[in-house]
Amino acid sequence: VDAGYRALQRIVQRQPLISQGTVNIIKPKSPNGKTLYTWTRKVRAKTVTVSLSKKQAAAFRKAIDTNRRIENILAQLRKTSQAMLTSESPVSKKITV
């Protein structure tokens with residue numbers, strides 16, 4: 001296996017918690033109001049929102065950032081895999097089932 005591919009695999013293996021979605025910070029509309037933190041994500045084509053504490057919001061942001069980095073690495077792994085697969089075994093241009 002390509003050395004670059006293995007290096008990307010090692011990066012993914014060392015990652016901490018991951019999560020999809022978005023953390024929203026909703027500022028208070030009045031001077032006495034509280035800042036609200038929410039996490040939204042899609043579940044079966046529906047948006048789900050969960051209220052968070054400030055500490056949870058920070059943890060979710062970190063997990064979401066990690067997930068985005070992993071998604072970028074996976075895209076590179078897919079690209080490398082496809083290049084390796086097509087160079088090692090010719091793929092037919094027309095596939096019949």
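Predicted model: local features only at pLDDT ≥ 70, side-chain atom pairs only at ≥ 80, totals over all residues.
A few overall numbers before the details. The protein has 97 residues, and 20% of them are buried. Its accessible surface comes to about 8,100 Å², with 55% of that belonging to carbon and sulfur atoms. As for contacts between residues at least 6 apart in sequence, 47% join residues at least 24 apart.

Okay, on to the inside. In soluble globular proteins, nonpolar side chains tend to be buried together. Here, the largest nonpolar core has six residues, namely V23, Y37, W39, L52, A57 and I64. Strand 2, residues 36-43, supplies at least two residues of this core, and so does helix 2, residues 54-88.

Let's pick V23 out of that set. If you leave aside its neighbours within four places in sequence, V23 is in contact with T38, W39, A57, F60, R61 and I64.

The partners are W39 and F60, and the geometry is tilted, at 4.3 Å centre to centre with 35 degrees between the planes. Since W39 lies in strand 2 and F60 in helix 2, the pair ties together parts that are 21 residues apart in sequence.

And which of the partners is buried? W39 is, with a relative accessible area of 11%. F60, on the other hand, is partly exposed at 21%, because the cut-off for buried is under 20%.

Note on methods: Residues numbered from 1 in each chain as written. Heavy atoms only, no water. Core = buried A, V, L, I, M, F, W, Y, C linked by side-chain atoms within 4.5 Å. Buried < 20%, exposed > 50% of the residue type's maximum accessible area, 1.4 Å probe, protein only. Helix = DSSP H or I, 4+ residues; strand = E, 2+ residues; numbered from the N terminus. Contact = heavy atoms within 4.5 Å. Areas by Shrake-Rupley, 256 points an atom, 1.4 Å probe, with all protein chains shown as cover. Phe/Tyr/Trp six-rings, centres within 6.5 Å; stacked < 30°, edge-to-face > 60°.
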